[in-house]
Amino acid sequence: MRINMIEEPARHVPVYGEFDVVVLGGGPAGIAAAVAAGRAGAATLLIERYGFLGGMGTAAGVTNFCGLHANRFGDISQVVHGIADDLLEGLARLDGLKAPHTIFGKIQAQAYDTAAYKIAADQLLLDAEVKILFHAVGAGVLMSTGSTIDALFVETKSGRRAIRSRVFIDASGDGDLAAWAGAPYELGDGAGSMMFPSTMFRINDVARTAAAAKAWEPIAGMMEQATRETGRRFPRKTPIIRPQHHEIEWRANITQVANADGTAVDGTDADQLSYGEIEGRRQVRETFEFLRQSVPAFADAYIVDLPPQLGIRETRRIVGDYQLSEDDVLQCSSFADTIGVNGWPVEDHVAGDIIFRWPDIPGSRGFNHLPFRMLLPQKVDNLLMAGRCASMTHGGQSAARVSGACFVMGEAAGTAAAMVAGGNGECRSIDIGALQAALVRNGVYLGTDM
């Protein structure tokens, strides 16, 4: 009789190092967290599973910063600053940053080149004297008490290693570290549904006149017409297809990856992820052929890049001392423990479509505060969350999962972690006023002026 469990023999795991702050995950939240901690003088290590930084922005080919801007009473302006500004400046120096573009007439996003992002992010961390460990995958934790993490285990090409730290920051996107440490979490909307992922792709040799002619505008109508006339089905409505900085290259966000039963692929399930990668590439092939056949500007184009992984929008959301809600986003809520702001609307990727829900535009300030309490996972004392796995409801996460809010959470988490590592209390007892003052000194906009 076969059994479905094997007992692994005990073994001694070499200690890779001991640090003040350890950050798991190198997306925008992890980048900002590590840079903030390093600049504050903390001995900081950032651990990343790939050989480059950027998270979904590079590994999933997003190529677009969302949430850096807000619509404040009809005026669209940048509201996320601090380390985000430093990264933008680095991208601009490398000629890898496009000017912000307006979406739906209500908000702006900003495209970038992924190669430039990788190089600029490397330099940011190096300048902050952050140690980087690439090609390392988190594998578990060792707890020194029921609520304190002693060490994080990682698997590397050099073998399994243990890493000790005074404070840990989970910027993994999936809440891996927090879940291993015993923090409670939610998966999806409470009814078993998560936001659907997408396989992004980039297209080259698009006609040079296409951007000026706004060649993307008729595409949604072309898809609807094809469905009416031929019955052709597309993965979703609302295609997002726009030019990059160099306008012969475009990014395409048009796929929606579901399991065979119609549910969203779960990014924490290896089998579903494997299926999703293949299904996403199949959808890319079919949707790109439609573009070539239907949009004259794409007649001679080709796919220049399929990113290393499926673009995941939502998996675990760790339950913290406060959960940012959809109402907080839509009502532009304020919090006394603000660490910065989110100006992106609710962007819910449901079966077959994207649904946007907005604050009162232009009748409101267009942003909500992000409270420090959403970075504090329940049941773990020396851990801070940052990024899409922070403490939010499904609706709140549909807005604040984007890169702008992730930069905000990351910079606050890294700054707070350095304060704690320097002997200034514990994560939950940190002086919020001192944290906010440090963030303001470093250029962060807290949103307290309106």
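The following questions and answers concern a predicted model.

Biologist: Which residues of helix H11 are buried?

Modeller: Helix H11 covers residues 432-441. An α-helix has 3.6 residues a turn, so residues three or four places apart point the same way. The buried residues are Leu435, Gln436, Ala438 and Leu439.

Biologist: Against which elements do the buried residues of H11 pack?

Modeller: The partners of these buried residues are a strand and a helix. The strand covers 338-342 and the helix 403-421. They are strand E18 and helix H10.

Biologist: Which residue caps the N-terminal end of H11?

Modeller: The cap involves the backbone nitrogen of Gly433. A side-chain oxygen lies 3.0 Å from that nitrogen. This oxygen belongs to Asp431.

Biologist: Is Asp205 buried, partly exposed or exposed?

Modeller: Asp205 lies in the loop between strand E13 and helix H6, and its phi is near 65 degrees, a positive value in a residue other than glycine. Buried means under 20% relative accessible area and exposed means over 50%. Because the relative accessible area of Asp205 is 40%, this residue is partly exposed.

Biologist: What is omega for the peptide bond that joins Ile361 and Pro362?

Modeller: Pro362 is placed in the loop between strand E20 and strand E21. Most peptide bonds are trans. The bond between Ile361 and Pro362, however, is cis, and its omega is about 10 degrees.

How values were computed. Residues are numbered from 1 along each chain as its sequence is written. This is a predicted model: local features need pLDDT of at least 70, side-chain atom pairs count only at pLDDT 80 or more; totals for chains, interfaces and linings use all residues. Side-chain values use heavy atoms; hydrogens and water are left out. Buried means under 20% relative accessible area, exposed over 50%, partly exposed in between (1.4 Å probe, protein chains only). Helices (H or I, at least four residues) and strands (E, at least two) are DSSP runs, numbered from the N terminus. Contact means heavy atoms within 4.5 Å. A polar contact is a pair of N or O atoms within 3.5 Å; within protein, one must be able to donate a hydrogen and the other to accept it, and residues adjacent in sequence count only if both atoms are side-chain atoms.
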